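Biologist: Before we talk about where a ligand sits, could you put the model on the screen?

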Amino acid sequence: MADDRWRMGFHLMPPIGWLNDPNGLCQLNGVYHVFHQYSPDWPQPGAPRGWGHATSTDLAHWEHHGMVISPDTPDEASGSYSGCALVMPKAAPNGSDAVRFYYTGNVKEQGDFDYILTGRRATQILIESDDGFAMGDKQVLLRNADYPAFCSCHVRDPKVWRDADGTWWMILGARDVESTGLVLVLRSKDGYTWENAHQVRSDAPFGFMWECPDRVVLDGNTYLSCCPQGMQAYPWSHGLRDQAGYFPLPAGCDLSDADSAVRADEFALWDNGFDFYAPQTFTDAQGRTLLIAWMGMPEAPYVSAPNDLTWCHCLTVPRVLSRLEDGSIAQQPAPELKVLRGEKVELAGAGTSALLEHRADIEVDGIDGPFFLTLDDALEIAYDGSAFTLRFLDIEGVGAGRTFRNSALEALHDLRVLVDDSAVEVFANGGRLALATRWFPTADALRVSLEGTCSAAVAWPMGDGVRATYTQ
Ligand code: FRU
């Protein structure tokens, strides 16, 4: 029953099969929609990949609707890849908000190709929907011949927005023929017909491809979020090829500005854990910017479906973004998750507490000096006075190959740790540092051990907002 044991209670995961990037995030007429890359037939070789769909009215209780965009046209034969949603206020026939989905159709031709300069088609596709559920026809907007001549075949993952003047903008992740990553910026008057506007590159080459670009605007400041590939040689990359982070744009500059450029040395990782990639943001009706990422990592040297699990990966919880004085971005779990909290438990300030289940929301405040919080004697969250470390003490078993992650930190003040069966998200110092990891615990009860000085340490068992829809 290990399969069931590791299913989560408040992280979105596939009912069965494979999940990767979050797609089409939006709040439409009061309903939160989270789409995601989905292959229900995984691990069958060549399992079709399309968009799965989950909805919620409170970000805590979710319903899954299965695969709702399938790779069923010749322009997406190898997958209906990642994309975004754009809410169209009052555009539905009944006067409510409608939505447009922009995504990439991926086709790998049969034959002897390198799939970089030849053999791959990347088509940008639009689907209009009046309610987020009923999908209109697929409209092809852009094909490889429409992108600038310096592009390789790798052009994907559209993110679309409209500016105050009503101009439409699209960014696409791209790899050029020299294998340098960049973002293409396109412009439109109506969201249907697009023209190339300009590109955003870094001052120095930074990876061979930028996947999943996103535009984040916080307090009037724009950031380019993206996932550069080819980063394994950077000392901070832990040898991983793919990374997820953001570049701040110069003050007053937006991606629509023709001369926008970013600085490679200003790239900041979103998350310092093991399992975080392809984040996407959206603004909800309250005006909050929320981020959800894939809690997985392409080509990682560790495992996410041990014991022949019939499902693989999950998404992070929704994280609320805020801009800090130094221009960096803090991330905190959406406060709505607190509705899943059970009765509060005081944790032994120093020592070990056993909680009943493997789902808990842990808060530690007033930390002073070195501090250690260990879960099940297997996963240590440690601050030694200068470095913050997430370390698996049981690398092969509970960690499924995960080792440790280190970040320099001047002082640790507080910790929030969300434990959800096989997912853990750690937020330090009000979300200035975030670390996501999968783990595969085997003990029945969660053991939380604390060592060090703090003013308060509490935990709440967490209820189940998603499991019902996955086990029916
Ligand atoms: C990122 C990514 C995207 C692509 C999708 C395919 O993880 O490779 O670039 O659209 O996944 O599933």
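What follows is a short exchange about the pockets and the ligand.

Modeller: This is a predicted model, in which local features need pLDDT of at least 70 and side-chain atom pairs count only at pLDDT 80 or more, while totals for chains, interfaces and linings use all residues. Residues are numbered from 1 along each chain as its sequence is written, and side-chain values use heavy atoms, with hydrogens and water left out.

Biologist: Which space is taken by the ligand?

Modeller: On a 1 Å grid over the protein atoms alone, a pocket is an open set of points where a 1.4 Å probe fits, with protein on both sides within 12 Å along at least five of seven lines, and its lining residues have an atom within 4 Å of a point. A molecule sits in such a pocket if more than half of its atoms lie within 2 Å of the grid points of that pocket. By this criterion, the space that the ligand takes is the largest pocket.

Biologist: How much space lies in the largest pocket?

Modeller: Grid points are joined across faces, edges and corners, and a volume is the space filled by probe spheres set on the points. For the largest pocket this comes to about 650 Å³.

Biologist: Of the residues that line the largest pocket, which are the closest to its centre?

Modeller: The lining of the largest pocket holds 34 residues, which divide into 13 nonpolar, nine polar and twelve charged. The closest to the centre are Asn-20, Arg-49, Glu-211, Arg-241 and Pro-298.

Biologist: Which elements give two or more residues to the shell around the ligand?

Modeller: The residues around the ligand (a heavy atom within 4 Å) include Asn-20, Tyr-81, Asp-157 and Cys-212. By class, this shell has three nonpolar, three polar and five charged residues. Strands are DSSP runs of E, at least two residues long, numbered from the N terminus, and those giving two or more residues to the shell are strand 1, strand 5, strand 9 and strand 13.

Biologist: How far is a polar side-chain atom of Arg-156 from an oxygen atom of the ligand?

Modeller: A polar contact is a pair of N or O atoms within 3.5 Å. For Arg-49 and for Glu-211, a side-chain atom lies 2.9 Å from a ligand oxygen. For Arg-156 the distance is 2.8 Å.

Biologist: Which element supplies the largest share of the lining of the second largest pocket?

Modeller: The second largest pocket contains about 540 Å³ of space, and its lining of 20 residues comes closest to the centre at Leu-86, Val-160, Trp-161, Phe-282 and Thr-283. The largest share of this lining, four residues, comes from strand 9.

Definitions and conventions: Nonpolar A, V, L, I, M, F, W, Y, C, P; charged D, E, K, R; others polar. Polar contact = N/O pair within 3.5 Å; in protein donor to acceptor, adjacent residues only side chain to side chain.
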